[in-house]
Protein chains: 2
Amino acid sequence: MTPPPHESKKRLLEATLKVVRTKGYSATRIEDVCAEAGLTKGSFFHHFKSKEDLALAAAEYWRALSIETFAAAPYHKAGDALGRLLAYVDFRKALLTGDLPDFTCFAGTIVQEAYRTHPDVSAACARDFAGQIKMLEADIREAMRDHGMRAGWTAESLARHILTVTHGGFILAKAEGSATAAAESLDHLHRYIELLFAQGPQRRTGRASSQKH
Amino acid sequence: MTPPPHESKKRLLEATLKVVRTKGYSATRIEDVCAEAGLTKGSFFHHFKSKEDLALAAAEYWRALSIETFAAAPYHKAGDALGRLLAYVDFRKALLTGDLPDFTCFAGTIVQEAYRTHPDVSAACARDFAGQIKMLEADIREAMRDHGMRAGWTAESLARHILTVTHGGFILAKAEGSATAAAESLDHLHRYIELLFAQGPQRRTGRASSQKH
DNA sequence: TTGACCGTACCGACCGGTAGGTATATACAC
DNA sequence: GTGTATATACCTACCGGTCGGTACGGTCAA
C-alpha cells in the first residue's frame, strides 16, 4: 500500500472514488473508471487483479485521504478539547460544497450496497469508520475529563453519533439534491454538543434504561 | 396503484423490498426478486414493464407501508406534542430488531445509488422522505408552540435532523454489522430534543450565522 | 533483452427484456 | 349444458447487449 503511489494507479483510484460516489459500487463499470482516468482495461488489469481488488485498494486510499484531510484541517487549533470537537463539526459543515459526489463519503456509499454481498469490501469501509471514531473519541474523552462529566453516555457513542449525523446528512442531501439538510443537521449536532457539556458534571437519566417497554 | 393489490404482484413487491435492502438496487436481479417471490420472469413482466417500473412501484409500496406502520404505532398515545416526538424516537429505536435488512430503509438504500443514475426512482424515494418530514414537522411545530419556543432553528430542520440520525444509524449499523450504534444515536437524539425544549423559550445563538469563516 | 506499463481485440457468463405458449375464469350465445 | 370468445395470469425458452476478465502485442526505460 504505502510504498509507491504510481501515477496511473493513483489516477485509477481517484477515478474510482469519483465514479463510485456518483453511481454506486455495483453500477460502476471497470471501463467507467478507465475512461475517467483516461486509461484502458489493459492498464487497469495490470494494476488491479479484479474489481473487488480495486474496491479494497480504493477503500484504503480513501482512508489515507481522510486521515490526511483531517490532519491538515484548521479545526485542531482550538486549545481545549471541546472547542476542537465543535470545530470539527463546523469543519464537516464547511466541507459541504460543490457537487454532491464531491463531498459525500465513498465508504458510506459502498457499505450500503456491499455489507452483505462483499464482506471484505464492507470490512475495509468499516475500518475507515473505526478510524474516524477513534480520532473523535480521544477529543471527546478529554472534553469529558475537562468538564468532569459523569454522563449516562460514553465517549464512543457520541463519536459514533457524530459520524451518524454526518452520513445521514449525505443521504438526505442525495434525496433532496441539496446539501442544506446536511448542513442544518450539523448545526443541530453542534448545538447538542454545546448543550450536553453546558449541563455540567451532573449525571442525567441514562437514556438506555429509560425505555418504557 | 391503489385499485387492486393483486396477490402475486404484492409478493413481488415484498420480495423487492427484501432483496434490495439486502443487496442494493443495482445488484438486485429481476430473477432474484422472482425467486424470492416464488414466481418466474414471465409473471414478473406481466405485472411490471421494466426493472425501473418495479422500483417506482416498490417505492410507492414502501411509502404506503411506512404510513401504515407509523399510523398504527403506539407513540401517538402521548398527550402532548413533545411527548409524541420523544416517543417517536423511542419507537424508531424499538424497530431496530431482527436482521439488518429487516429494519433498514428501502428508500434510503436506493437513493444512495440512484440519485444520479435513476432520477425518477430517486424522486420517488425523496417523496417518502418528504412525507415523514411533514408528519414530524406537525408535532414539532405544536411542541414549539406549547413551549413558546423562539428558537434559532426551524421545525422543518429538526424533522429532517431526526430522519438524518435514523438513516445515518442504518449506515453505521451496516458497517459494524450491529444495530447498537443506531440505537445509541437515537438515544443521543432523544436527549438532544429534551435538552432543546428544556431550554425554554429564550432564543439561543442561531448556529447558521455563528460560523467563523 | 528484460520487464514494467499500457493498448487492442476478444471471450464467456450474466441478465434485462421478448416471444410465444398454456391454464383458468368469466361472459355470452345457442 | 356446450361451444366460442376474450382477458388475466403464469410459464419456458431464448435473444442480444453488457461487462468482468483474458490474451497478447507493442513501447520504452534501465
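**Helix packing and contacts**

Analyst: In this predicted model, H1(B) and H4(B) are roughly perpendicular to each other.

User: At what angle do H1(B) and H4(B) pack?

Analyst: Angles of 65 to 115 degrees count as roughly perpendicular, and H1(B) and H4(B) are therefore described in that way. The axes of H1(B) and helix H4 (residues 51-71) of chain B lie 10 Å apart, and the angle at which these helices pack is about 90 degrees.

User: How many residues of the contact of H1(B) with H4(B) are nonpolar?

Analyst: From H1(B) come B:Leu13, B:Thr16 and B:Leu17, which meet B:Leu54, B:Ala57, B:Ala58, B:Tyr61 and B:Trp62 of H4(B). In this contact no residue is charged and one is polar, while the number of nonpolar residues is seven.

User: Which element gives the most residues to the side of chain B that touches chain A?

Analyst: Between the two chains, 47 residues of chain B are in contact with 47 residues of chain A. The elements of chain B that give two or more residues to this side include helix H1 (7-23), helix H8 (119-146) and helix H9 (155-176). With 16 residues, the element that gives the most is H9(B).

User: Which element supplies the largest share of the surface near DNA strand D?

Analyst: Helix H2 (30-37) and helix H3 (41-47) of chain A, together with helix H3 (41-47) of chain B, each supply at least two residues of that surface. Its residues divide into three nonpolar, eight polar and five charged. The largest share, four residues, comes from H3(B).

Definitions and conventions. Residues numbered from 1 in each chain as written. Chains lettered and ligands numbered in written order. Predicted model: local features only at pLDDT ≥ 70, side-chain atom pairs only at ≥ 80, totals over all residues. Nonpolar A, V, L, I, M, F, W, Y, C, P; charged D, E, K, R; others polar. Contact = placed C-beta atoms within 7 Å. Axes fitted to C-alpha atoms, helices over the stretch in contact; angles between N-to-C directions. Parallel < 35°, antiparallel > 145°, perpendicular 65-115°, else oblique.
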